[in-house]
Amino acid sequence: MSDFRQSQNEAHPNKTNILLTGIILLLILFVTIQIWFLFGALNNALQENLNFAITTAVGSLAFAFASFWLLRYLPEPIKNSKKK
Amino acid sequence: MSKDNREEIPQWKQDFPIQQKEATHVSRREFAKFLTLLSGALAVGNTAIVVKSLAFPEKPLVGEHPICLESEVAEGESFQFEIQGSKTIPYLLINLGEGEWRAFEQKCTHLSCAVKYRHDIGQIECPCHKGYFNPRTGNVIQGPPPRPLPQLEVVIREGQVFVKAQNT
Ligand code: FES
């Protein structure tokens with residue numbers, strides 16, 4: 001029996017690939033920016049520059065939420081439902 | 001109609017596969033989830049910095065601390081001492097001569113190596129990466145340190161050397 005999902009997957013076999021690549025690239029971008037923030041905050045904490053630390057912390061949290069929210073769009077693994 | 005392969009294998013069996021190839025395999029979905037976790041950890045770390053500096057602010061030095069006798073440190077010499085506070089910080093007392101005394105934190109602002117005073121060149125030197133500081137102001141003359149050395153004020157009374165926090 002074939003359903004809508006299956007015919008979609010057959011018509012666009014690259015869709016999962018592209019979605020996953022896009023999501024992973026975005027995640028890597030987020031994590032890179034967060035590392036940058038953390039590095040800056042560590043440097044500036046020494047200088048008692050609290051404003052910078054707060055700004056980067058808020059930005060970092062926003063990126064973390066964005067990353068979790070991105071997981072919603074992870075495509076389901078294509079089910080191996082070929083008939084024998 | 002055959003059932004889906006994944007649904008037939010219970011979860012615990014997926015976690016302990018027989019084939020080594022399956023055990024070391026990281027799918028792209030797992031990788032994406034790992035990245036998300038990393039992102040969360042970084043955010044937590046960044047928040048921790050803020051919380052730490054808000055909840056446990058560093059206390060400035062209070063009062064005068066006796067260090068040593070004036071006669072103990074000859075001209076052009078330096079003397080190491082520590083002050084116990086919320087943490088123990090090593091300091092360097094320098095006799096520049098002509099009654100000029102200075103006290104600096106001994107930790108280099110670059111990577112926390114111990115700095116030493118060199119009277120022959122009239123500069124404070126960090127031996128680790130050749131950073132040089134002005135022994136009067138603590139400003140960076142040369143090298144990788146990003147900030148001047150933190151300074152204490154030196155007071156001499158009746159032949160005894162005291163230090164206290166600056167501009168108090
Ligand atoms: S630690 Fe002092 S110059 Fe690098």
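Reader: Let's start with K130(B): does K130(B) count as buried, partly exposed or exposed?
Author: Keep in mind that this is a predicted model. Buried needs under 20% relative accessible area and exposed needs over 50%. K130(B) comes out at 42% relative accessibility, so K130(B) counts as partly exposed.

Reader: Which residue forms a salt bridge with K130(B)?
Author: A salt bridge here calls for a Lys or Arg side-chain nitrogen within 4 Å of an Asp or Glu carboxyl oxygen. For K130(B), the closest N and O atoms of the pair are 3.5 Å apart. The partner is E125(B).

Reader: Which residues do salt bridges that share partners join into one network?
Author: E125(B) bridges K130(B), and the side chain of E125(B) also meets R118(B) in a salt bridge. K116(B) is another salt-bridge partner of E125(B). With D120(B) also in the network, the members are K116(B), R118(B), D120(B), E125(B) and K130(B).

Reader: Okay, and how far apart are the N and O atoms in the bridge between E125(B) and R118(B)?
Author: R118(B) counts as partly exposed, at 26% relative accessibility. For comparison, K116(B) and E125(B) have their closest N and O atoms 3.3 Å apart. Between E125(B) and R118(B), the N to O distance is 3.1 Å.

Reader: On to the cysteines: which residue does a disulfide join to C113(B)?
Author: A disulfide needs two cysteine sulfurs within 2.5 Å, and the count over all chains is 1. In that pair the S to S distance is 1.8 Å. C113(B) sits in the loop between β4 (100–105) and β5 (116–118) of chain B, while its partner sits in the loop between β6 (123–126) and β7 (131–133), 15 residues apart. That partner is C128(B).

Reader: Switching to helices: how are α3(A) and α4(B) oriented to each other, roughly parallel or antiparallel?
Author: The axes of α3(A), residues 50–70, and α4(B) come within 8 Å and cross at roughly 155°. Among the residues making the contact are L61(A) and F68(A) on α3(A), and L42(B) and V50(B) on α4(B). The crossing is left-handed. Angles over 145 degrees count as roughly antiparallel, so these two helices are roughly antiparallel.

Reader: Last one: leaving aside neighbours within four places in sequence, which residues is K33(B) in contact with?
Author: K33(B) lies in helix α4 of chain B, residues 28–55. At 43% relative accessibility, K33(B) is partly exposed. Once neighbours within four places in sequence are set aside, its contacts are L71(A) and L74(A).

Key:
Residues numbered from 1 in each chain as written. Chains lettered and ligands numbered in written order. Predicted model: local features only at pLDDT ≥ 70, side-chain atom pairs only at ≥ 80, totals over all residues. Heavy atoms only, no water. Helix = DSSP H or I, 4+ residues; strand = E, 2+ residues; numbered from the N terminus. Buried < 20%, exposed > 50% of the residue type's maximum accessible area, 1.4 Å probe, protein only. Contact = heavy atoms within 4.5 Å. Axes fitted to C-alpha atoms, helices over the stretch in contact; angles between N-to-C directions. Parallel < 35°, antiparallel > 145°, perpendicular 65-115°, else oblique. Left-handed = near helix turned anticlockwise from the far one by under 90°.
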